[in-house]
Amino acid sequence: MSGRELTLIQAINAGLREAMRRDERVMLLGEDIGKNGGVFRATEGLLEEFGEDRVVDTPLAEAGILGTSLGLAANGMRPVPEIQFMAFIYPGFEQVVSHIARIRMRSRGRYTAPLVVRVPYGGRNRAPELHSDSTETFFAHTPGLVVVSPSRPYDGKGLLLSAIESEDPVIFLEPMRLYRAYRENVPDDYYTVPLGRAEIVRAGRDVTLISWGSALRDALKAAQQAEQEHGWSVEVIDLRTLSPWDEETVFSSVIRTGRAVIAHEACGHLGLGAELAARIGEECILDLEAPVARVASYDVPAPLFQLEDWYAPDAGRIVEGIRKVMTF
Amino acid sequence: MSYVIHPATAADEPKPSGMDDALLVHMYEQMVWVRQFDRRLVALQRSGRIGTYPPVEGHEACQVASTLALRQDDWVFPTYRDTGAMLVHGVPMERLLLYWNGRAEGLYIPEGVKVFPIAVPIATQLPHAAGVAWAARLRGLDEVVLAFFGDGASSEGDFHEALNFAGVFRLPVVFFCENNQYAISVPYARQTASETIAQKAQAYGLVGKRVDGSDAIAVYQAVREALAQAREGGGATLIEALTYRYGPHTTSDDPSKYRPKEEAEAWRERDPLLCHRRRLEGWGLWDEERQQALERRVNQGIAAAIRAMEAAPPPNPDDLFDHVYAELPPQLVRQRDELRARLARREGADR
């Protein structure tokens, strides 16, 4: 398969284009996604190719965008709404948790919401206030939603295409910090990366480090550092689908290594790491050499950017987490 | 803008144009069905045979006449109080009984009946209705959406966003406000300082209309006109029908706490069924004999639906898990199996 070196944002753009070429029902809607190509340029060039019925600049109204997307999906379209930043989805939160997540259940399968809500998220991007939230827990806590977060360009396209194919509503969380962080080879053709499957992105023997989204890059750095400085062999899992998540891959790795660290950018209290730690405790207790460690942001609101490097975990803090379970 | 309120008696009123006798009679019969069914639901709640229920009584013309103006392939977006609209557009009584009895089976709306699940939070259905209408436009279908809401809903953000989208994208949707002047206990004047709901249409570039919600013919004509406009690409209409609920918000409150008793009595004099029956009698289309025959038919039909509800097999625990996702994820398979096993153990212990 031929491919090109693309950034994450370019891979997402390529994925949207592929999906729209392949399926006439796919349409995009959101604020500034047409002429402006989206605030991050995820939809650049798509208005020109697909026209304004399929790439729609909407009024500035998140509940309207998400509520009409449910109606569009229930009546035969495949909408892919974009929310500009995660903290701006809250006006439409009710539409997501009470309706999009439940329409299948509330009609016993008669109506469904096959739609993908694309949401840039996370911090350490020197963005303005309230542009850096990482509140994936809100959505992962809501049955009926699939919550996905790619951490690399290849998955950005492949997971997006799976999400658009899915019959379930998908909250597609795009780590802003990685949008242009690096390039990798992304196939030109249509391909999918399965939902609900984690990926072991670095094999190791001594400890399992589970992460996703923007923290995944720091996790990989930490794994390397731990190996170089201490000789610890760290296996890194990119969770990729945050809900419902891939227990099998996580448990079998932890049973093999006997230790687990979870690193994420959301704050720790009731962050997704809490659920992972609890489930690892329930299923792997007899194989654990140490309590499961979590490395997360502090339990404070996402701060202004001069403070965010202290707020969110970096590789150094993740190495500390690894040290804790290795020296327990 | 003011309501055209019809007098309580209309003996010498001419027959409306564009409505044949069969439709005029059918409209009345459907209102009788709705009223009797609604009263039975209240009675069933009072005797503990179903759960909390929000009564319709007083709203029959709003719900029945508006829905009768639809084609079969048009859509209805009901609130919890729109039992009448759902019945008329084809939701079987048995489903509604099961729903209000807390049964998952009641959530299912038969294939081909284009009614959305009852909106429970306020005004959230309005963006859905706009979205369904939008999809119809994009797909080149000439179906139209009729979305119900109350006066209280006009204060919600979703009302604003839905009407705004409908205006901007010129969507084939009719927003139908059953303004019964109270949102539970809070009167109209506390919802808005706007003289009417209908005038809000102007702010969105929509057509706004007010009708007498006790007058089935006026409601039918207003909705028919709005549907035709929407179907021809002329965009959305906001209709405000002035009405009154005679009873409580739901079976759980007592309206005497927040409304003067005389108010309901005054509205009963302009009762939608009474008004319409008087007209039919004036036109020689109805009499006491037909009334008796209809009531017998209605009572038998409702009794059969109640029997069907009560004969439903016991709830199925799998209903907790089915339809959460297209395919059950492993976590839910595990939890479902755990519940099945627990229930099987308990059954074993009971034996």
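Which domains does the domain assignment give for chain A? The domain assignment, which is automatic or taken from a database, gives domain 1 (3-187) and domain 2 (199-326). Welcome to this predicted model, in which local features need pLDDT of at least 70, side-chain atom pairs count only at pLDDT 80 or more, and totals for chains, interfaces and linings use all residues. Residues are numbered from 1 along each chain as its sequence is written, while chains are lettered from A and ligands numbered from 1 in the order in which they are written.

**Chain A as a whole**

- Chain A has twelve helices and 14 strands; these are DSSP runs numbered from the N terminus, with helices being H or I of at least four residues and strands E of at least two.
- The radius of gyration of chain A, taken over C-alpha atoms, is 19 Å, close to the 20 Å that the globule rule (2.2 Å times the number of residues to the power 0.38) gives for 328 residues, so chain A is as compact as a globular protein of that length.
- Along the principal axes, the C-alpha atoms of chain A fill a box of roughly 60 × 40 × 40 Å.

**The two domains of chain A**

- Domain 1 of chain A and domain 2 of chain A have C-alpha centres 26 Å apart.
- Their contact takes 27 residues from domain 1 of chain A and 21 residues from domain 2 of chain A, where contact between two residues requires C-beta atoms, placed from the backbone, to lie within 7 Å.
- On the domain 1 side, helix 6 (136-140), strand 6 (146-148), helix 7 (153-165) and strand 7 (170-175) of chain A each supply at least two residues.
- That side of domain 1 of chain A has twelve nonpolar, eight polar and seven charged residues; Ala, Val, Leu, Ile, Met, Phe, Trp, Tyr, Cys and Pro count as nonpolar, Asp, Glu, Lys and Arg as charged, and the others, Gly among them, as polar.

**A helix pair inside chain A**

- Helix 1 (residues 8-22) of chain A and helix 7 of chain A have axes that come within 8 Å and cross at roughly 30°; axes are lines fitted to C-alpha atoms, for helices over the stretch in contact, and angles run from 0 to 180 degrees between N-to-C directions.
- These two helices of chain A are therefore roughly parallel to each other (angles under 35 degrees count as roughly parallel, over 145 as roughly antiparallel, 65 to 115 as roughly perpendicular and the rest as oblique).
- Their crossing is right-handed, a term for a near helix turned clockwise from the far one by less than a right angle, with anticlockwise being left-handed.
- Residues in this contact include L8(A) and A11(A) of helix 1 of chain A, and P153(A) and G156(A) of helix 7 of chain A.

**Where chain A meets chain B**

- The contact between the chains takes 34 residues from chain A and 33 residues from chain B.
- Helix 5 (125-138), helix 6 (157-168) and helix 12 (330-350) of chain B each supply at least two residues of the chain B side, and the largest share, ten residues, comes from helix 5 of chain B.
- By class, the chain B side has 23 nonpolar, seven polar and three charged residues.
- Helix 3 (residues 62-74) of chain A packs with helix 5 of chain B at an angle of about 50°, with their axes 6 Å apart, and the two are therefore oblique to each other.
- This contact between helix 3 of chain A and helix 5 of chain B has ten nonpolar, seven polar and no charged residues.
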